[in-house]
Amino acid sequence: MGVYDITVKRIRELCKEHNITPNALSYAAGISQSTIKSILNGESVNPGVVTIKKICDGFDITIGEFFNTEEFNALEQELK
C-alpha cells in the first residue's frame, strides 16, 4: 500500500472515529466537497500539505497525529 492509499484510508478511519461524513468534514475543514471527493475517489492522488493540514483542522488533530500510524511509519523511504 502506498502513501496515497494510506492517506485515503486514514481519512476514512478518522471520519468513522469522529462519526462524520466526508461532506461534514469538508465543511469543518473549510474546503470544498469536491476536494474531499476527489481525494477519496482517486481523482486527486497527491493532495498538498495545505489540504492535509485543513483536513486535520477539520478533525481537530495535528498533522503529527494524522501521520502517526503503523501504516505511515512502516513506509519505506524511497531512494533517489
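Contact here means heavy atoms within 4.5 Å. Helices are DSSP runs of H or I with at least four residues, numbered from the N terminus.

This is a predicted model, in which local features need pLDDT of at least 70, side-chain atom pairs count only at pLDDT 80 or more, and totals for chains, interfaces and linings use all residues. Residues are numbered from 1 along each chain as its sequence is written, and side-chain values use heavy atoms, with hydrogens and water left out.

**Helix H3 and its cover**

Start with H3. Its buried residues are Ile 36, Ser 38, Ile 39 and Leu 40. Buried means under 20% relative accessible area, with a 1.4 Å probe and protein chains only. The cover over these residues includes H1, H2 and H4. After H3 comes Gly 42, with a positive phi near 80 degrees.

**H2 against H3**

Helix H2 spans residues 22-29 and helix H3 spans residues 33-40. Their axes, lines fitted to C-alpha atoms over the stretch in contact, come within 8 Å and cross at roughly 125 degrees. Angles run from 0 to 180 degrees between N-to-C directions. H2 and H3 are therefore oblique to each other. Oblique is what remains once angles under 35 degrees (roughly parallel), over 145 (roughly antiparallel) and 65 to 115 (roughly perpendicular) are set aside.

H2 brings Pro 22, Asn 23, Leu 25 and Ser 26 to the contact, and H3 brings Gln 33, Ile 36 and Leu 40.

**The nonpolar core**

A nonpolar core is a set of buried Ala, Val, Leu, Ile, Met, Phe, Trp, Tyr and Cys residues joined through side-chain atoms within 4.5 Å. The largest one has 19 residues. Ile 11, Leu 25, Ile 36, Ile 55, Phe 59, Ile 61 and Phe 66 touch the most other members. Helix H1 (3-17), H2, H3 and helix H4 (49-59) each give two or more residues. H1 gives the largest share, six residues.

Ser 38 sits in helix H3, and Ile 52 lies in helix H4. The table leaves out touched residues up to four places away in sequence.

| Residue | Relative accessible area | Touches |
|---|---|---|
| Ser 38 | 18% | Tyr 4, Glu 43, Ser 44 |
| Ile 52 | 6% | Thr 7, Pro 47, Phe 66, Phe 67 |

Ile 52 and Thr 62 are 10 residues apart in sequence. In space they are 10.0 Å apart, C-alpha to C-alpha.

Terms used: Buried means under 20% relative accessible area, exposed over 50%, partly exposed in between (1.4 Å probe, protein chains only).
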